[in-house]
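Good morning, and thank you for coming.

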Amino acid sequence: MIKYLRFQLIFLLIFVGANTAFSQALIPATEVQKKDILAKISKEQVNANSLECKFVQKKKLSVLAETVASEGVMYFKKDNNLRWQYNKPYRYLFILSGGKVLIKNESRTDKFDTNSNKMFREISEIMIGGVKGNTLVDNRKFDARFLVGASTVVVKLTPKNKELKQLMKYINLTFSKSDWLVKSIEMLEQGGDNTVITFTEKNVNKKISDDIFRIN
Amino acid sequence: MSIMPVSDSLLRLRTAISFKKAQLSGIMLVKQRNDSLVGAFINEFGIKGFEFVVTNNHCKLTNVLSFLNKWYIRRTISSDLQFMFSSVYVAERDSSAILIEGSGVSYHYSLAGGKVVRAQRISGTQKTGEAFCLNDSAFEVNNIQRKLTYKMIVIRP
C-alpha cells in the first residue's frame, strides 16, 4: 500500500511547474491558437525520439519561509523510457521503463511492475504523457487552459481526479515557442506552496544508451 | 538541547522511514523560529507530506497529505517528532538529563562532549523509543512500539 502511495506522490513530481511563466503577459488562447499549439507540440513529440536535459527544482515552503533547491538530469527515450536523476544535494534515481519502475536512494532500491495494478499503470501513463506532452489532451484527468505569451505558452492543468485534487490546485506546463518543448513545470499545492522545475541544456535526439534505463 | 542539531538556520535531513517491508524516503526540513521549532517533510520530488510545529516540547502536525491523514499515523509521527526535537536544559557538567513529558512519558538523555548522544523514551515502565546520534551528521530514531525506524543524515549545502 505504501509503495502505491509513494508512487502516487512520485508521479506528481514530474508535472510540477512555473511561476516564471506569469512574469510576462499571458492571454487565453483562441480555439484556433489552441489547435495550432497542440499541433506544434505534437509535431515536436513526433520528431523527438529522445530528450536529455538538466533540471533545477525549487520548492517553496511558507512555514519555514524558505525555498529549497535540488538539481539533476532527466533522460527520455521513445517509447516509454524515463530516467529522472537527482544529483544535488542528494542522490536519488527514478527509472520508468518497459512497464517497470526502479526507485533508488543511498540506502535502498525498490522495483515495481506498473502492470501489477491499475494505479501503477495509470501513473506510468501520466508520467510518460507529461514528458511527451500528451497529458495536455487527456481531458479525462485534467481540465486544460491554454495561455499565450510573447515567447511562451502556458498550459494550466486542473486535476479532475479526486485524489489529485487533494494534492494540488493546478499544474502549469510552460512551453517555449522556439522549440515547443517543456521549459518548466509548476505544481501549486492546496496549501499554497509550490514546486517549480526548470529544464535547461535540452538535447533532442542525442544518442542515449538503453543501459541507463535498465531496471533488472 | 535536543538530539538533533537544530538552530535558526535551516537543517536539512535526508530521511528514510522504514516500517515492515516498506520505506518512505524524503527530506526533513527544520529550523528554530521564535519560540517554536518548525519543519516539513517533503519527498525528493518536492511533494509535501506534512508540516509540524514543536512548541514547549509539544508537536503539532499540519497540512498533512491526504493519504497520511489518519489519526493513528498523525499520532505516531507527532509523538516521534516530539521525541526527536524536544529540548532539555542541561548544565555544562551534566552527563544525563530527564525530561518529563506528562501522561507517564519521559525522555532520558545521555550526554557526552556537551552533546546528546543517546535518548530513550519511556512510557510508564516501558521503553517505547530510542534515538542515537551516530556521528555529527547521522541520527537514528526507533519507535520500538510501532516498529518504525527513522534514519536521518544531514545534507550539507
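Let us start with strand β4 of chain B, which covers residues 48-55 and pairs with β5(B) in the antiparallel sense over 5 bridges. At one of the bridges, Thr55(B) has His58(B) of β5(B) as its partner. Please keep in mind that this is a predicted model. In general, the strands of a sheet pair through backbone hydrogen bonds, and the pairing may be parallel or antiparallel.

Which sheet do these two strands belong to? In chain B, 11 strands form an open sheet, with antiparallel pairing, in the order β5-β4-β3-β2-β1-β11-β10-β9-β8-β7-β6. Its edge strands are β5, residues 58-62, and β6, residues 96-102, and each of them pairs on one side only. From one strand to the next, the twist averages 20°.

Now to the order along the chain. Chain B has 1 helix and 11 strands. Read from the N terminus, the elements run β-β-β-β-β-α-β-β-β-β-β-β. The helix, α1, comprises residues 71-85 of chain B and runs at about 135° to β5(B). Helix α1 lies across strands of chain B that include β1 (11-19), β6 and β11 (148-154).

Is Thr15(B) buried or exposed? Its relative accessible area is 1%, under the 20% cut-off, and therefore Thr15(B) counts as buried. Which residues is Thr15(B) in contact with, leaving aside its neighbours within four places in sequence? Among them are Leu24(B), Met28(B), Phe41(B) and Met152(B).

Finally, I turn to the chain as a whole. A compact globule of 157 residues would have a radius of gyration near 15 Å, and chain B agrees with this because its own value is 15 Å. Along the principal axes, the C-alpha atoms of chain B fill a box of roughly 45 × 35 × 30 Å. Of the 157 residues in chain B, 54% count as buried. The accessible surface of chain B comes to about 7600 Å², and carbon and sulfur atoms account for 50% of that surface. Among contacts in chain B with a separation of 6 or more, 34% join residues 24 or more positions apart.

Thank you for your attention.

Key. Residues numbered from 1 in each chain as written. Chains lettered and ligands numbered in written order. Predicted model: local features only at pLDDT ≥ 70, side-chain atom pairs only at ≥ 80, totals over all residues. Heavy atoms only, no water. Pairing = 2+ DSSP bridges. Helix = DSSP H or I, 4+ residues; strand = E, 2+ residues; numbered from the N terminus. Axes fitted to C-alpha atoms, helices over the stretch in contact; angles between N-to-C directions. Contact = heavy atoms within 4.5 Å. Rg over C-alpha atoms; globule rule 2.2 N^0.38 Å. Buried < 20%, exposed > 50% of the residue type's maximum accessible area, 1.4 Å probe, protein only. Areas by Shrake-Rupley, 256 points an atom, 1.4 Å probe, with all protein chains shown as cover.
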